[in-house]
Amino acid sequence: MITVYLSARGYEVLEAPTGRAAIETAITGNPNFILLDLRLPDVSGGEVARELRKLPQTEHIPIVGWTADCGSKPYEEVLRRAGIIDCLEKPVSMRELEAV
């Protein structure tokens, strides 16, 4: 649904089914922004973000986390330490997504 919404508004959307694939896609696709699901089938979104922050090709790309668990202060601090600049809570409204 998010891909359809963003594509209809002129955004080019790259998708990856796993954390490892997301890292490779970010390296090769050079996106302007990453919306990162924090619960992935192979590694955590936090691990993906930390890895992206280590790479010169991706260290500058803004990463926004996307999960049902954004709310707590300790969790937000963990995300920030991983290099995630903001967190959207599922379910996300399209207005909220576009604002980010």
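Reader: Which residues is T58 in contact with, leaving aside its neighbours within four places in sequence?

Author: In this predicted model, T58 is in contact with A26, I27, L52 and R53 once those neighbours are set aside. T58 itself belongs to the loop between α3 (45-54) and β2 (63-67).

Reader: Is T58 buried or exposed?

Author: The term buried applies under 20% relative accessible area. T58 has a relative accessible area of 0%, so it is buried.

Reader: Which peptide bond is cis?

Author: The bond from K90 to P91 is cis, its omega being near -10 degrees. P91 is placed in the loop between β3 (86-89) and α5.

Reader: How many helices and strands does the protein have, and in what order do the elements run?

Author: There are five helices and three strands. Read from the N terminus, the order is α-α-β-α-β-α-β-α. The radius of gyration is 13 Å, close to the 13 Å from the globule rule for 100 residues, so the protein is as compact as a globular protein of that length. The C-alpha trace spans about 35 × 30 × 25 Å along its principal axes.

Reader: What share of the contacts joins residues 24 or more positions apart?

Author: Among contacts with a separation of 6 or more, 50% are between residues 24 or more positions apart. As for burial, 35% of the 100 residues count as buried. The accessible surface comes to about 6,200 Å², and carbon and sulfur atoms hold 53% of that area.

Reader: Which residues lie nearest the centre of the largest pocket?

Author: Of the 32 residues in its lining, V13, L14, F33, I34 and L35 lie nearest the centre. The elements giving two or more residues to this lining are α1 (2-8), α2 (19-29), β1 (34-37) and α5 (94-99). By class, the lining comprises 22 nonpolar, six polar and four charged residues.

Terms used:
Residues numbered from 1 in each chain as written. Predicted model: local features only at pLDDT ≥ 70, side-chain atom pairs only at ≥ 80, totals over all residues. Heavy atoms only, no water. 1 Å grid on protein atoms, 1.4 Å probe; cavity = no way out; pocket = protein on both sides within 12 Å on 5 of 7 lines; lining within 4 Å. Helix = DSSP H or I, 4+ residues; strand = E, 2+ residues; numbered from the N terminus. Nonpolar A, V, L, I, M, F, W, Y, C, P; charged D, E, K, R; others polar. Rg over C-alpha atoms; globule rule 2.2 N^0.38 Å. Buried < 20%, exposed > 50% of the residue type's maximum accessible area, 1.4 Å probe, protein only. Contact = heavy atoms within 4.5 Å. Areas by Shrake-Rupley, 256 points an atom, 1.4 Å probe, with all protein chains shown as cover.
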